[in-house]
Structures are given as C-alpha cells and as structure tokens.
Amino acid sequence: MNNFRQAATAGEFLITAEVAPPKGGDITHMVQMANCLKGRVHAVNITDGSRAVMRMSPFAASLILLQQGIEPVCQFACRDRNRIGLQGDLLGAHALGIHNVLALTGDPIVAGDCPTAKAVFDLEAVRLLKIINNLNQGLDGNDKPLPDGAVDLFVGAAVDPQSKSRSGLERRFEQKVAAGAQFFQSQLISDFEIFDKFMHQIANSYHKPVLAGIFLLKSAKNAEFINRNVPGVDIPQHIIDRLARSTTPLQEGIQIAAEQVLLARQLCQGVHLMAVKREDLIPQILDLAGIKPLDR
C-alpha cells in the first residue's frame, strides 16, 4: 500500500490529515477518527510525541491504522532516540509495511508534560534524512552495507514557510532536499501571502511536493491560544474577529479552513489538515472546498 507516493509522483493534489496516538492504551477514538478519513485523504499522519507530550508509539499506531486499511505517514522525531534506536525503528517500519515517514528534529522537552526527561537529539532532521537515504540504498548510518538488504521508505520533512529568517529557511530547505526529502509538510499557515512568496522564491525550483498546513480553528479563543503558545504562528486579527462575531464559531472555522484549502490549491501540491480531536469534520472541510472523494 503506497497510494500516497504514487499520487505524489503523479503530481496529484495531495491530502493528508493528522491524527494523534492515544495517551493511553485505548485506540478506539484514534481508529474512529482515522476511519472517518477513508477515501478522503491519501494518508493519515501519525505524530511522534508532538509538543513533547507522551503518547502511544507512532509505530504501533501506524501499524494499527495499516491493519484498518488506512495508509499512514509515520513521524520519526530525533528528540527521544539515538541513531541506533532510530535506525532500528526505521528498519522495523519497513518490515511492517509502513513506508511513508516524516523526519523531524522534534519539539523541545520543556514544551511537554515530562519537562525533567532527558532529551537525546543525537541527530536532527537533516542528518536523520541522510541516514534514511542511506538505508534506502542498502547502507547503515556508518555507510556500511546492510547484510539483509535495503529498505524502501518514502521520506518527507517539515518546513516553516513563515520563518523570520528567509536565508535560513532557504538554506534548511535546500539541505533537506539534498539529504533525500521527497515531500514537505508545512507548519500551520496563517499568512498565505508569505506562503505564496515562499513557494515562488524558494520551493518551486526544487520540484518537491509541498503540503500546506491548515488548522481547523474552533473559536476565537482557540485562535488566540494558538497565537500565544505556538511559535512562529500569527493568526490574523481579522480571522479572530470573524470567529468572534459568528454565532456558530465551529462552523465558521470549517468555512475558513475550506477557503484556505482553495488558496493552497492555487499555490502548492497539497494540504495537511489538522483538526485536533475533530478529525471527523475534515470531510466537511473538503466538501466545502470542492475536493471530491479519492477515486481509489
């Protein structure tokens, strides 16, 4: 199963959605939310300790979704494992049929629910990408041949188009492409004019799919919370005011997300939808944006 890679290679407009593993052993809600996305997204992105909050292993969660007939993109963050653990998990992902991976540095420990935990950060995203590229060529992280053969991983990376440092953004993007990134998933986009400049001035020349991060805002209070707590995000005041004026802010948030999907469709090759705990609303967003169910 690798519809996501096939669609990316074919130049289709890509749709992924984020689902967090449970903070406990009950997978019911995660599976329910992921099943709502069947036929509407190319893959479901499973987070790896997002915001440094302890949750179920993304590999276990990805395998559970695979068993449900849902194609996962499994995140790999460098924060919690050294290169031995990361390579071992990557080999295991391949063996389990999990072929889409997203290489991340990982959020800082102090941001999460275990602030006294020990951070590893033996690698960061670019070096992890290089190791995955090695594994795909039948080599380990020390450039030694893998005795049991190469893996086959379709690897992506994160990008923050709204970064204050344009030179740093371009350098990091180029490094990730050179290290083997085959697609990019952006952070939450709140300013599509800046995103447009990023696509035209930086990304388009590399010919790699970029998926614009689109977040379902549930209320003005939700938007203000994100502005205070998510670095690099500045949701415009007119969006906050629009949510505050609405008598049905959740429905207004769905409409805003649909409008952003339409904007993204003019600028890049896909969208990555984030609707925390309300992934069941993503099909409604796609319907409003005129995105038909996948023909698969």
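Which residues have the most contacts inside the largest nonpolar core?

A: In this predicted model, the residues with the most contacts inside the largest nonpolar core are F76, L128, F173, F195, F198, V210 and L273. That core comprises 73 residues. Leaving aside residues up to four places away in sequence, V210 touches F173, F184, F195, F198, M199, A203, C268, Q269 and G270.

Apart from this core lies another, made up of 13 residues, including L217, A223, V233 and L243. A pair of helices deserves attention here. Helix 8 (residues 220–229) and helix 9 (residues 237–245) have axes that come within 8 Å and cross at roughly 150 degrees. Because angles over 145 degrees count as roughly antiparallel, helix 8 is roughly antiparallel to helix 9. On the side of helix 8, the contact is made by A220, A223, E224 and N227, and on the side of helix 9 by I240, L243 and A244. Sorted by class, this contact has 5 nonpolar, 1 polar and 1 charged residues.

The setting of these parts is a protein chain with 11 helices and 8 strands. Its radius of gyration is 18 Å, close to the 19 Å that the globule rule gives for 296 residues, so the chain is as compact as a globular protein of that length. Of those 296 residues, 51% count as buried. Among contacts in the chain with a separation of 6 or more, 78% are accounted for by residues 24 or more positions apart.

How values were computed
Residues numbered from 1 in each chain as written. Predicted model: local features only at pLDDT ≥ 70, side-chain atom pairs only at ≥ 80, totals over all residues. Heavy atoms only, no water. Core = buried A, V, L, I, M, F, W, Y, C linked by side-chain atoms within 4.5 Å. Buried < 20%, exposed > 50% of the residue type's maximum accessible area, 1.4 Å probe, protein only. Contact = heavy atoms within 4.5 Å. Axes fitted to C-alpha atoms, helices over the stretch in contact; angles between N-to-C directions. Helix = DSSP H or I, 4+ residues; strand = E, 2+ residues; numbered from the N terminus. Parallel < 35°, antiparallel > 145°, perpendicular 65-115°, else oblique. Nonpolar A, V, L, I, M, F, W, Y, C, P; charged D, E, K, R; others polar. Rg over C-alpha atoms; globule rule 2.2 N^0.38 Å.
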